Every structure is written in structure tokens, then in C-alpha cells.
Amino acid sequence: MKFRSDLNPREQAQALAWSRRDFLRSSIGVAAASSMFSFAPLSALAQLKNQKVVVVTFGGGARDEETFAPAGQENIPNLLKTLFPQSTLYTQVVNRGILGHYVATASLATGVYETFNNFATVPPQNPTIFEYFRKDLKRPLNDAWVVAPSNGFNRIGESSNRSYGAGLGAGVILPKHLLQASLPTGSSTDYSHLLRDNYETPFYTPELAGNELQMQHLEQILKLSVNDFVHHALSLASPDELSVYIAKQLMRQMAPSLLWITLHDIDIAHSGAYSLYIDGIQRSDRLCAEIWKTIQAEPEYKDRTTMFILPDFGRDSDMDASGNGFQHHRTGDALSRTTWMMVLGPDTRQGIVIDRPIESVDLVPTIGARLGFDARFSQGKPLTEIA
């Protein structure tokens with residue numbers, strides 16, 4: 001989407017939201033638009049018993065030109081045709097924090113705009129959604145998990161906040177670290193396409209720390225032998241496919257009530273290869289549908305799981321001279337800060353579009369209102385349409 005230079009950032013973000021709404025209107029047909037897009041806020045939502053939540057974030061946002069705009073429609077057939085008709089879609093999710101993938105994802109997970117160095121191996125400073133969930137609801141460690149890329153995310157499961165202390169966070173699985181540790185010494189098989197760790201700073205390798213699942217627990221937790229894991233990896237095309245494979249195994253074996261999956265293939269845009277960026281979008285679209293299909297197929301999740309899908313932030317506009325277009329997210333313009341969120345699940349209205357601006361930090365208190373915990377330190381507010 002191209003922005004007019006005379007619009008301020010708030011007006012640009014609103015124009016972006018309207019563009020997404022209008023594209024969806026045209027995609028589903030004018031006849032259905034008036035009824036599908038009518039909206040009345042929910043009254044108090046009765047909490048469902050034994051609810052579960054799955055959060056899927058994109059490390060490296062996809063711009064509207066390649067997704068919601070008419071020219072991008074072919075890249076998101078699953079989001080558009082399969083998932084959107086079952087969802088409530090927020091078209092204007094604003095990230096006012098630092099546009100780095102680990103720190104931005106940590107902000108999503110705490111409901112506070114974290115301010116640490118994106119490339120520092122540090123935990124979030126504020127309590128995470130996992131700590132709120134486990135402490136308030138007295139849930140065990142195995143009921144909250146994170147599956148994430150390995151570029152620093154090993155510390156995301158648990159904060160440094162003293163009010164919560166050690167041991168109340170989520171277990172963290174970094175599939176690329178697991179695969180690297182599982183490969184036999186001197187193996188001649190090339191797994192490099194699954195092990196690329198960071199697209200912005202390729203020589204950055206974080207040290208291991210936190211609650212990361214180690215290789216010796218692979219069979220105990222996921223019921224996978226090292227040989228089976230390594231062999232199956234050969235059939236996968238990307239790190240995100242490896243992450244979703246692990247997430248599905250975790251759902252079948254542990255059935256955690258709170259599962260956070262961060263996809264990262266889209267961020268290959270930093271390489272400057274537009275075709276690889278498009279491949280990342282198309283793969284993320286397919287994997288989101290695959291995760292939702294798994295939710296509907298697993299008895300522990302079916303009809304009791306809410307899934308949230310959202311990018312951590314966007315990417316630069318082609319029109320900003322200080323940016324690099326799809327390749328980076330450096331300018332802080334409306335296109336790089338304004339994204340969307342799709343919510344599917346029981347008691348969630350289907351085919352509804354919400355244009356009003358919300359913030360990315362609203363995610364944690366919204367999930368808290370739905371599951372029954374208090375995100376007391378969050379800067380966000382529960383979203384009344386779904387909380």
C-alpha cells in the first residue's frame with residue numbers, strides 16, 4: 001500500500017486498516033458484506049471450562065502489498081478463504097515498541113513494550129503471559145510451552161521480575177538447537193536449510209539458558225527418538241516446518257493449555273531476495289491452516305481452543321527513502337508498525353472485521369480475561385469483542 005505524504009501516522013494506520021477491510025469486502029462479495037461486517041459488541045463472555053489458547057506469531061511481518069492487497073491475494077489463500085471466514089479480524093494492530101523480533105515478541109508475551117537490546121541474551125523484564133497463567137491458575141510447567149526460532153528466544157519463557165521468581169515460566173523448545181544437537185558427528189547430510197539462525201545478523205549465536213528443552217528430553221517429552229527426529233527433518237523444507245512439526249508433537253503428547261509458536265521464515269526478506277520473502281509468506285499461510293487443522297483434529301483441543309494469529313510488526317514502505325522496502329523494518333513508519341490479528345475459536349464471532357485501533361500489548365490481557373488470570377502489569381487492555 002502506498003501512503004499519501006500529507007497524512008500523519010495515525011491517519012496512515014487508519015487508511016491501512018480500511019484498505020484491509022475493503023479488500024476483504026471485495027473478496028467475499030458485496031452481497032454478503034453488509035451482514036458479515038455488521039457488529040455489536042459482546043456482553044460479558046462466560047468463561048469456558050478447560051479452555052486452551054494457541055498463539056501464532058510471525059517473526060518478520062508481511063506487507064499488505066504481498067498479502068491483503070489485491071495483488072497479494074494469491075499468497076494467503078488459507079488465511080483468506082479458510083481461516084478468515086471463521087474468525088474475528090482486527091485490521092489495525094499498532095506496535096509502539098522496538099521493531100526487533102525478539103524484543104517485539106517479548107513485548108507481545110508480556111503486554112509491556114520491552115526496551116532491552118534485541119540481540120541481548122536476556123529475559124523479559126516484565127512478567128510473561130506464561131507466568132501469569134501458571135501462578136494465578138496454579139498450572140504445572142508442562143501446561144505452558146513456547147516453540148520458537150533460536151535467535152535469542154531461549155529466554156522468552158520466563159521474566160526477571162522478582163514478584164514471580166524462577167520456575168514459573170514456560171518450557172521453551174528451539175527446534176533448530178535440538179536438530180543441531182541431534183546430528184551425528186561428521187554427518188555428510190546437509191541440514192543447512194533448517195539451521196540458519198538469524199537473518200539480520202547471521203553470525204549472532206545466543207548462548208543456551210532458561211527453560212530450553214534439551215536433547216536428552218526429546219524422547220521423554222515429545223516421544224521422539226533422536227534417529228526418528230533427524231530422519232523426519234530431511235523431509236522438511238524450512239525451519240518453520242520443523243517448528244510446526246515439533247508443536248504438533250507437543251500437542252499430541254502433552255496437550256498444553258497455553259502454546260506459543262513463533263514462525264520466522266518470512267524474515268528471510270533481510271537477504272533482499274523477494275522470491276524467498278514471498279515463499280516465506282506462502283509457507284506461513286499454509287502452516288497457520290495446518291495448525292488450525294491440527295487443533296480441530298486433536299480431541300484435547302477441538303471446540304475448546306482459541307487461536308490468535310498476528311505478525312510481531314510490519315515491514316518498510318517502498319515509498320520511504322530512509323527504509324529498504326520489504327527487506328527491512330527500520331523506519332518506524334505506519335506500514336512497519338501497523339499489522340493485524342486474526343482470532344478463531346469457540347464463542348468468537350465469525351467473518352467479523354474490527355477497524356478500531358488496538359495495540360499489540362492488548363494480546364496478553366485479552367487472553368488473561370479469556371482464561372481467567374490477571375495480567376496486572378500489562379500496559380494493554382482486554383479486547384471487549386473477544387475477551
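**Notes on the predicted model**

1. In helix α4, the residues His101, Tyr102, Val103, Ala104, Thr105, Ala106, Ser107, Leu108, Ala109 and Thr110 are buried, where buried means under 20% relative accessible area, exposed over 50% and partly exposed in between, with a 1.4 Å probe and protein chains only. Because 10 of the 10 residues of α4 (residues 101-110) are buried, this helix is largely enclosed by the rest of the structure. Its buried residues pack against β1 (52-58), α5 (129-137), β5 (258-263), β6 (305-311) and α13 (363-371), and just after α4, Gly111 takes a positive phi of about 75°. Helices (H or I, at least four residues) and strands (E, at least two) are DSSP runs, numbered from the N terminus, and contact means heavy atoms within 4.5 Å.

2. This is a predicted model, in which local features need pLDDT of at least 70 and side-chain atom pairs count only at pLDDT 80 or more, while totals for chains, interfaces and linings use all residues. Residues are numbered from 1 along each chain as its sequence is written, and side-chain values use heavy atoms, with hydrogens and water left out.

3. The mean pLDDT of the chain (pLDDT being the predictor's confidence in each residue, from 0 to 100) is 84, and 83% of its residues reach 70 or more. Over residues 29-46 the pLDDT is below 50, and this stretch has 29 contacts in the model beyond near neighbours in sequence. The pLDDT is also below 50 over residues 202-210, a stretch with 24 contacts beyond near neighbours in sequence.

4. Leaving aside residues up to four places away in sequence, Phe229 touches Pro175, Leu178, Leu179, Ser182, Leu218, Leu224, Leu242, Tyr245 and Ile246.

5. Is Ser238 buried or exposed? Ser238 lies in the loop between α9 (226-233) and α10 (239-253), and is buried, with a relative accessible area of 3%. Not counting residues up to four places away in sequence, Ser238 touches His193, Leu194, Asp265 and Arg283.

6. A search of the whole structure finds 2 cavities of 30 Å³ or more. On a 1 Å grid over the protein atoms alone, a cavity is a set of points where a 1.4 Å probe fits but cannot get out, and lining residues have an atom within 4 Å of a point. The largest cavity has a volume of about 60 Å³ and is lined by 10 residues, of which Pro149, Lys176, Pro239, Asp240 and Ser243 lie nearest its centre. To this lining α10 gives the most, with 3 residues.

7. The second largest cavity has a volume of about 50 Å³, and its lining consists of Phe58, Ala62, Thr67, Ile76, Leu79, Ile266, Ile281, Ser284, Asp285, Pro311 and Trp340. Helix α11 gives the most to this lining, with 3 residues.

Terms used:
On a 1 Å grid over the protein atoms alone, a cavity is a set of points where a 1.4 Å probe fits but cannot get out, and a pocket is an open set with protein on both sides within 12 Å along at least five of seven lines; lining residues have an atom within 4 Å of a point. Grid points are joined across faces, edges and corners, and a volume is the space filled by probe spheres set on the points.
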